[in-house]
Amino acid sequence: MMELLITLLDDAFFSAIPAIGFAMLFNVPKKALAYCGAAAAIAHSLRTLLISFGMSVELGSFLVSVLVGVLAFHWAKKKLVPEQVFTVAAIIPMIPGKFAFATMVGLVQLNIDGAVSPWLLGDVIDNGLKTLFILGALSVGLAIPQLFLERSKPVV
């Protein structure tokens, strides 16, 4: 239990740093930088917690991106800034770089070897699809709160 708590705190800290860095790169107002870091820390550590409980990385990414969208909706109203100020910076640490890198390395190995081995091709397809599904989950998850929270008429 203590090891999981340390992992979550470590994850929160090291995901807030690039979020704040990208927020500064995108000229986010100073009053919103702490919120960007907090959103990234909450989202990334919650995704790590969900994965440690056995949830898939794709579903965990979807759920936390919905949470980031809801948080950004409320913070945007409070701080009078666009929602994207918070969402873009908070989602950047969750981009699946590991899977995308493994896909590219596998594609290069397929080209170098000349012969297609079934295990390598399966690995490339698996990593490529995982990358696409995580990116799709992040995108759709950020869009869902805007669809439901910014409606002038009720859904039903």
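Modeller: A residue is called buried when its relative accessible area is under 20%. In this predicted model, the buried residues of α1 are Leu-8, Asp-11, Ala-12, Ser-15, Ala-16, Ala-19 and Ala-23.

Biologist: What do the buried residues of α1 pack against?

Modeller: They pack against α2 and α4. Contact here requires heavy atoms within 4.5 Å.

Biologist: Why is Asn-27 called exposed?

Modeller: The term applies over 50% relative accessible area. Asn-27 has 69% relative accessibility, and therefore counts as exposed.

Biologist: Which residue has a positive phi just after α3?

Modeller: Leu-80 does, at about 60°, and Leu-80 is not a glycine either. Leu-80 belongs to the loop between α3 (57–79) and α4 (84–91).

Biologist: Is Leu-80 buried or exposed, and why?

Modeller: The relative accessible area of Leu-80 is 75%. The cut-off for exposed is over 50%, so Leu-80 is exposed.

Biologist: What describes the packing of two helices?

Modeller: The angle between the axes and the distance between the axes describe it. For α3 and α4, the axes come within 8 Å and cross at roughly 145°. The crossing of α3 past α4 is right-handed.

Biologist: How do you know that α3 and α4 are in contact, and through which residues?

Modeller: On the α3 side, Ser-65, Val-68, Gly-69, Ala-72, Trp-75, Ala-76 and Lys-79 take part, and they meet Phe-86, Thr-87, Ala-90 and Ile-91 of α4. By class, this contact has seven nonpolar, three polar and one charged residues. Gly counts as polar in this scheme.

Biologist: Which residues of α3 are buried?

Modeller: The buried residues of α3 include Val-57, Gly-60, Ser-61, Val-64 and Phe-73. Ser-65, Val-68, Gly-69, Ala-72, Trp-75 and Ala-76 are buried as well.

Biologist: Why is Thr-87 called buried?

Modeller: Thr-87 lies in helix α4. The relative accessible area of Thr-87 is 9%. The limit is under 20%, so Thr-87 is buried.

Biologist: What does Thr-87 touch, leaving aside its neighbours within four places in sequence?

Modeller: Thr-87 is in contact with Val-68, Gly-69, Ala-72 and Leu-142. As for Phe-133, 46 residues away along the chain, its C-alpha atom and that of Thr-87 are separated by 19 Å.

Biologist: What makes Leu-138 a buried residue?

Modeller: Leu-138 has a relative accessible area of 3%. Buried means under 20%, so Leu-138 is buried. Leu-138 is part of helix α6 (residues 118–149).

Biologist: Which residues are in contact with Leu-138, neighbours within four places in sequence left aside?

Modeller: They are Ser-61, Ser-65, Ile-91, Met-94 and Ile-95. Val-68 is 70 residues from Leu-138 in sequence, and their C-alpha atoms are 9.8 Å apart.

Biologist: Which residues does UniProt list as "transmembrane region"?

Modeller: The unreviewed UniProt entry lists residues 6–26, 59–76, 88–112 and 132–149. In the model, residues 6–26 are 95% helix and 0% strand, with the end C-alpha atoms 31 Å apart. Residues 132–149 are 100% helix and 0% strand, and there the end C-alpha atoms are 26 Å apart.

Biologist: What share of the contacts with a separation of 6 or more comes from residues 24 or more positions apart?

Modeller: Such residues account for 69% of those contacts.

Note on methods. Residues numbered from 1 in each chain as written. Predicted model: local features only at pLDDT ≥ 70, side-chain atom pairs only at ≥ 80, totals over all residues. Heavy atoms only, no water. UniProt positions renumbered as here; feature names shortened; annotations may be inferred. Helix = DSSP H or I, 4+ residues; strand = E, 2+ residues; numbered from the N terminus. Buried < 20%, exposed > 50% of the residue type's maximum accessible area, 1.4 Å probe, protein only. Axes fitted to C-alpha atoms, helices over the stretch in contact; angles between N-to-C directions. Left-handed = near helix turned anticlockwise from the far one by under 90°.
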